[in-house]
Amino acid sequence: MQLAVDIGNSACKLTWMQGEDPAKLSIAHSVRFTHEQLRSGEAKKLLPRSDAGLPVPVRAGVSSVVPSLVDPMRVLLLDAGISDVRMVQPAAAEFFPTRYRTMETLGADRYCAVLAARSLAGSPVVVIDCGTATTFNVVDREGYFRGGAIAPGIRTAFAALHRHTAQLPELAPAETPVFGDDSISSIRSGVLHFTRLALIGMLHEAEEITGPNAPVFVTGGNAPVLKGVGLAWPQLEFDEYLLARGVIFFLHFTS
């Protein structure tokens, strides 16, 4: 049993993963909690009990984009009996060839998602991560990570429209037509369908690097929203646990 930890911009997610082959891991358990629950110690109550039949992981990998939460997470994991805790550090490596110029600033979340997709599907491959930010990531035909794009995520865009206007309400995602017939549906269309169509446009642009028919992985908390409004592409796969798989691949390649 191994534990993949994702400290994201909006929440923390812990995934217990079972199996010897990183490409064939099964999801044994998953827990999600807020940053405040981690800081306050309340997150400890959300972890599975020792008598629940779930083995204590032999090691944990931590992908974090929030540096201030790394130490509280270490304490939580050590208290849970996990002594081998390893931080994901993005860097060029034999298992992660790259032409990205600033690997030292590459987010661990992007790194893990790309590592997982490339390890599972080979090259070329595209990864779309739909979280607080929507990121678009490209691996070329030679297996090199080429970079991509970072844009506001769906909920971030809804919040920004509300915060920076005088009268627009802050909305949550919901099904909506492409062309809204009132203000609410127009706002939803502007966020959801603009995002969907922008991603389709980016996939067309990426074909200059990947060629046609490259596998596309979509992950992140807002992925189901985009799936619901019709995001589609040949060889597109939605994988809720792609980042967690990447954490385990990192442990595998660096052990």
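User: In which sense do strand β2 and β3 pair, and over how many bridges?
Analyst: This is a predicted model, in which local features need pLDDT of at least 70 and side-chain atom pairs count only at pLDDT 80 or more, while totals for chains, interfaces and linings use all residues. Residues are numbered from 1 along each chain as its sequence is written, and side-chain values use heavy atoms, leaving out hydrogens and water. Strands (E, at least two residues) and helices (H or I, at least four) are DSSP runs numbered from the N terminus, and two strands pair if DSSP finds at least two bridges between them. Strand β2 covers residues 12-18, and its pairing with β3 is antiparallel, over seven bridges.

User: Which residue in β3 stands opposite Q18?
Analyst: β3 spans 26-33. The residue of β3 opposite Q18 is S26.

User: Which strands stand at the edges of the open sheet, and why is one side of each left without a neighbour?
Analyst: Five strands make up this sheet, with mixed pairing, in the order β3-β2-β1-β4-β5.

User: Is M1 buried or exposed?
Analyst: M1 belongs to the segment before β1 (2-7). Not counting residues up to four places away in sequence, M1 touches W16, M17, Q18, A28, L54, P55, P57, V58 and R59, where contact means heavy atoms within 4.5 Å. Buried means under 20% relative accessible area, exposed over 50% and partly exposed in between (1.4 Å probe, protein chains only). With a relative accessible area of 18%, M1 is buried.

User: At what angle do the axes of α3 and α7 cross?
Analyst: Axes are lines fitted to C-alpha atoms, for helices over the stretch in contact, and angles run from 0 to 180 degrees between N-to-C directions. The axes of α3 and α7 come within 7 Å. The two helices are roughly perpendicular, a term for angles of 65 to 115 degrees. The crossing angle of α3 and α7 is roughly 80°.

Definitions and conventions:
Parallel < 35°, antiparallel > 145°, perpendicular 65-115°, else oblique.
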